[in-house]
Amino acid sequence: MIRRNAIALLFVAAAFLFTLFLQGFFPYPFLFLFFAAVMASAWFAGTAAGLVAVVASTLLVDFFFLPPYHTFSIQPTDVAYFAAFILCAVAASWVSAAQKKAG
């Protein structure tokens, strides 16, 4: 269990570092790498680890990439964007875990 969650957190940490690097090149947060981290976590470590990756990604995106920065508050104009990110991350985790089980 600890190993699976550690795998998930490593994938999310890698996505975070690459996203920080790419942040200067894109006007709005480039969050695609977090979806990849969630999918990889669910694929390699299972559904629970995928959900751990969703939670970690959600917290990092909110704190570092959505204004006001370095807080856990969300501006009303970003609520739909943030909600879409969460829903897509959960869907990515579910699809990845389902594909792994089917294959």
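**Helix packing around α3**

Biologist: Which hand does the crossing have where α2 passes α3, left-handed or right-handed?

Modeller: This is a predicted model. In it, the axes of α2 and α3 come within 7 Å. Where α2 passes α3, the crossing is right-handed.

Biologist: How do α2 and α3 run relative to each other, roughly parallel or roughly antiparallel?

Modeller: Their axes cross at roughly 160°. Angles over 145 degrees count as roughly antiparallel. So α2 and α3 are roughly antiparallel.

Biologist: Which residues of α3 make the contact with α2?

Modeller: The α2 side supplies F34, A37, V38, S41, A42 and A45. The α3 side supplies T47, A49, G50, A53, V54, S57, L60, V61 and F65.

Biologist: How far apart are the end C-alpha atoms of α3, and what span should its residues give?

Modeller: Helix α3 covers residues 47–65, which is 19 residues.

Biologist: Which helices are included in what covers the buried residues of α3?

Modeller: The buried residues of α3 are A49, G50, A53, V54, A56, S57, T58, V61, D62 and F65. Their cover includes α1 (2–22), α2 (32–45) and α4 (79–102).

Biologist: Which element gives the most to the largest nonpolar core?

Modeller: That core has 19 residues, and V12, L31, F34, V61 and F65 have the most contacts inside it. The elements giving two or more residues are α1, α2, α3 and α4. The top giver, with six residues, is α3.

Biologist: Is V61 buried or exposed?

Modeller: V61 sits in helix α3. It touches L31, F34, L66, F82 and F85, leaving out residues up to four places away in sequence. Its relative accessibility is 1%, under the 20% limit, so V61 counts as buried.

Biologist: How far apart in space are V61 and R3, C-alpha to C-alpha?

Modeller: In sequence, V61 and R3 are 58 residues apart. In space, C-alpha to C-alpha, the distance is 24 Å.

Biologist: What is the relative accessible area of S57?

Modeller: S57 lies in helix α3. Beyond its neighbours within four places in sequence, S57 is in contact with V12, F34, V38 and F85. S57 is buried, with a relative accessible area of 0%.

Biologist: Which residues does F34 contact, leaving aside neighbours within four places in sequence?

Modeller: F34 belongs to the α2 side of the α2 and α3 contact. It is also listed among the core residues with the most contacts. With those neighbours set aside, F34 is in contact with V12, A15, F16, T19, S57, L60, V61, F65 and F85.

Biologist: How are α1 and α2 oriented, roughly parallel or roughly antiparallel?

Modeller: The axes of α1 and α2 come within 9 Å and cross at roughly 165°. Over 145 degrees counts as roughly antiparallel, so that is the label for this pair. Contact residues of α1 include I7, F11, V12 and F16, and those of α2 include L33, F34, A37 and F44. In short, α1 and α2 are roughly antiparallel.

Biologist: And which orientation does α2 have to α4, roughly parallel or roughly antiparallel?

Modeller: The axes of α2 and α4 come within 8 Å and cross at roughly 30°. Angles under 35 degrees count as roughly parallel. Therefore α2 and α4 are roughly parallel.

Biologist: Which residues of α4 does α2 meet?

Modeller: α2 passes α4 in a right-handed crossing. The α2 residues are F34, F35, V38, M39, A42 and W43. In α4 they meet F85, C88, A89, A92, S93, S96, A97, Q99 and K100.

Biologist: Which two residues does a cis peptide bond join?

Modeller: Look in the loop between α3 and α4, where P68 has its place. The omega of the cis bond is about -5°. The bond joins P67 and P68.

Biologist: What is the phi of H70?

Modeller: H70 is in the loop between α3 and α4. It is not a glycine, although its phi is positive. The value is about 65°.

Biologist: Is F72 buried or exposed?

Modeller: F72 is found in the loop between α3 and α4. It touches L59, D62 and F63, not counting residues up to four places away in sequence. Its relative accessible area is 52%, over the 50% cut-off, so F72 is exposed.

Terms used. Residues numbered from 1 in each chain as written. Predicted model: local features only at pLDDT ≥ 70, side-chain atom pairs only at ≥ 80, totals over all residues. Heavy atoms only, no water. Helix = DSSP H or I, 4+ residues; strand = E, 2+ residues; numbered from the N terminus. Expected span 1.5 Å × (residues − 1). Buried < 20%, exposed > 50% of the residue type's maximum accessible area, 1.4 Å probe, protein only. Contact = heavy atoms within 4.5 Å. Core = buried A, V, L, I, M, F, W, Y, C linked by side-chain atoms within 4.5 Å. Axes fitted to C-alpha atoms, helices over the stretch in contact; angles between N-to-C directions. Parallel < 35°, antiparallel > 145°, perpendicular 65-115°, else oblique. Left-handed = near helix turned anticlockwise from the far one by under 90°.
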